[in-house]
Amino acid sequence: MKKILLTLATTALLFSCKKDADEVKGGTFASNKIGVHEGKSWSWIKVDKQGAPEQLALTIDDNALNSVPSANDDHSGGHNHENNIVIPIHPVGQKTTPFKFIFLNWNPAGHEPDGIYDLPHFDMHFYMTTEEEVMAATDMAKIENLPAPQYIPLLHVPGAPVPQMGKHWVDVTSPELNGAPFTQTFIYGSYNGNVTFYEPMITQQFLKNTTTFERPIPQPEKYQKAGFYPTKMKIKKHDGVTDIILDGFVQRQAS
């Protein structure tokens, strides 16, 4: 009897391992759906038949997009955490990309600097660290400990330090920093000398009015960790949802 049970257990273990190995060989894998005011948000990862990532996306349904509070309803503008919502990334996404989870942050009155980012918008932090590490990221000296320049794209400058987020790096060539209205931008983040997040930052109006959109993601000269990194950001609206997609993944070596 013990031999039979051992055989069954071994078979189950082998089947489980095979399933875990096979699950990244092609397909799309979605996280659980998370409540966002009167709607839902979730993430998904698409991998090819070799298990390499093709797209990692954050999806926001129309009910969420249309029900987030306005500045008149909720004066929690800026980077406080009342409107921060943790969106999980499926284990396949965590295995095939550097990203561990997403912080979806709604800013009903925008945030600093005034006259640029003070429009209602979403911050979408794709973190390369765990949620526990982000919550512990409060040491101002570590926030001000900047990565070596080659790990940040050219023409990016550091902004104000934000506890439990890190240092935000903005592209000085972005249209909104050169006289155009803010619609969307792409930001890098760091903490204690490490690049820790990628951040699409997009206005509510742009998400509501945009059916399809694509832009490049500025690339650094070098990478601190080997892995697949996105080179494009896309927006796609369909079937009552809006996808914010990290696309064009390329394998990079650490250097």
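I looked up Glu144 and got 40% relative accessibility, so it counts as partly exposed (buried is under 20% relative accessible area, exposed over 50%, partly exposed in between, with a 1.4 Å probe and protein chains only). Its partner is Lys167, and the closest N and O atoms of this salt bridge are 2.9 Å apart (the rule: a side-chain nitrogen of Lys or Arg within 4 Å of a carboxyl oxygen of Asp or Glu). Lys167 sits in strand S9 (residues 166-171) and Glu144 in the loop between helix H5 (140-143) and strand S8 (156-162), so I noted a link between distant parts of the chain, 23 residues apart. Helices (H or I, at least four residues) and strands (E, at least two) are DSSP runs numbered from the N terminus. Lys167 is buried, at 6%.

**Ground rules.** I am working from a predicted model, where local features need pLDDT of at least 70, side-chain atom pairs count only at pLDDT 80 or more, and totals for chains, interfaces and linings use all residues. Residues are numbered from 1 along each chain as its sequence is written, and side-chain values use heavy atoms, with hydrogens and water left out.

**Other salt bridges.** How many salt bridges are there by this rule? I get five. Lys46 and Glu54 make one of them, at 3.9 Å between the closest N and O atoms. Lys46 is partly exposed at 33%, and Glu54 is partly exposed at 31%. Glu214 also meets Lys234, N to O 3.9 Å. That pair joins strand S12 (residues 212-216) to strand S14 (residues 232-238), 20 residues apart. Shared partners put Glu214, Lys232, Lys234 and Asp247 into one network.

**Rings.** I searched the whole structure and found 14 aromatic pairs (rings of Phe, Tyr and Trp, the last by its six-membered ring, pair if their centres lie within 6.5 Å; planes under 30 degrees apart are stacked, over 60 edge-to-face, the rest tilted). Phe101 and Phe103 have centres 5.4 Å apart and planes at 75 degrees, so I logged them as edge-to-face. Both Phe101 and Phe103 are buried. For Trp106 and Phe122 I have 4.7 Å and 45 degrees, so that pair is tilted. Trp106 lies in strand S6 (residues 101-107) and Phe122 in strand S7 (residues 121-127), 16 residues apart. Trp106 is buried at 4%, and Phe122 is buried at 2%.

**Last look.** The charged end of Lys33 sits over the ring of Trp42, 4.5 Å from its centre (NZ of Lys or CZ of Arg within 6 Å of the ring centre and within 35 degrees of the ring normal).
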